[in-house]
Amino acid sequence: MATRIVEGSSVEVIICIDFEWTCEADDIPEEERKVRADQGEIIEFAFVVYDVEAKQVTCRGQHYCRPQRTPITAFCSKLTGITEEMLDSAGTLQDDGNLLQ
């Protein structure tokens, strides 16, 4: 997506955020689903802060979050590249959220 900054605007930074969450394939019968659409949990978030005036990235980060209620399905690992092993030592979303304050 292209972003156009209006000349004379007061925008100082642009923050881009990306989330990945637990999921299941759409073609799995409801009774066999391990994760329903309304149950997904964030398992990774990444961000970049772009300084408009300096025209450069000034900060970036990536954090994995261990899900509390839903598993990492094979479909989820294939889609996101995130595995259970990658999350074994991760904190919870709340833990990671506290780091950003």
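Reader: Why is Glu41 called buried?

Author: This is a predicted model, and in it Glu41 has a relative accessible area of 8%. Buried means under 20%, so Glu41 counts as buried at its 8%.

Reader: Where does Glu41 sit, and what is it in contact with?

Author: Glu41 has its place in the loop between E1 and E2. Leaving aside neighbours within four places in sequence, its contacts are Glu20, Trp21, Thr22, Pro67, Gln68, Arg69 and Thr70. Contact here means heavy atoms within 4.5 Å. As for Pro71, 30 residues away along the chain, its C-alpha atom and that of Glu41 are separated by 9.3 Å.

Reader: What about Lys55: buried or exposed, and how do you know?

Author: Lys55 has 66% relative accessibility. The cut-off for exposed is over 50%, so Lys55 counts as exposed at 66%. Lys55 also belongs to a loop, the one between E2 and E3.

Reader: What makes the phi of Lys55 worth a remark?

Author: Most residues other than glycine have a negative phi. Lys55 is not a glycine, yet its phi is positive, near 55 degrees. The hairpin of E2 and E3, where Lys55 takes that value, has four residues between the strands.

Reader: How do you know that E1 and E2 pair, and in which sense?

Author: Count the bridges. Pairing takes at least two bridges between the strands, and nine join E1 to strand E2 (residues 42-51), with the two running antiparallel. So E1 and E2 count as paired under that cut-off.

Reader: How many bridges do E2 and E3 have?

Author: Eight, again in the antiparallel sense. With at least two needed, E2 and E3 pair as well. One spot to check is Phe47, which stands opposite Gly61 in E3.

Reader: Why are E1 and E3 said to stand at the edges?

Author: Start with the order: the three strands form an open sheet, E1-E2-E3, with antiparallel pairing. Strand E1 (13-21) and strand E3 (56-64) each have a single partner strand, so one side of each is left without a neighbour in the sheet. From one strand to the next, the twist averages 10 degrees.

Reader: What comes with the strands along the sequence?

Author: Helices. The chain has three of them and three strands, and the pattern along the sequence is β-β-β-α-α-α.

Reader: What makes a set of residues a nonpolar core, and which residues form the largest one?

Author: The members must be buried, of nonpolar type, and joined through side-chain atoms within 4.5 Å. The largest such core has six residues: Cys23, Ile43, Ile72, Cys76, Ile82 and Leu87. Beyond neighbours within four places in sequence, Cys76 is in contact with Trp21, Thr22, Cys23, Ile43 and Gly81. For the whole chain, 27% of the 101 residues count as buried.

Reader: How much of the accessible surface belongs to carbon and sulfur atoms?

Author: They account for 50% of about 7600 Å².

Reader: Which elements have the lowest and the highest mean pLDDT?

Author: Helix H3 (residues 93-99) has the lowest, at 66, and helix H1 (residues 74-80) the highest, at 96. Local features need pLDDT of at least 70, and the mean for H3 is 66. Over the chain, the mean is 87, with 84% of residues reaching 70 or more.

Key: Residues are numbered from 1 along each chain as its sequence is written. This is a predicted model: local features need pLDDT of at least 70, side-chain atom pairs count only at pLDDT 80 or more; totals for chains, interfaces and linings use all residues. Side-chain values use heavy atoms; hydrogens and water are left out. Axes are lines fitted to C-alpha atoms, for helices over the stretch in contact, and angles run from 0 to 180 degrees between N-to-C directions. Buried means under 20% relative accessible area, exposed over 50%, partly exposed in between (1.4 Å probe, protein chains only). pLDDT is the predictor's confidence in each residue, from 0 to 100. Accessible areas come from the Shrake-Rupley method with a 1.4 Å probe; for residues, only the protein chains shown count as cover.
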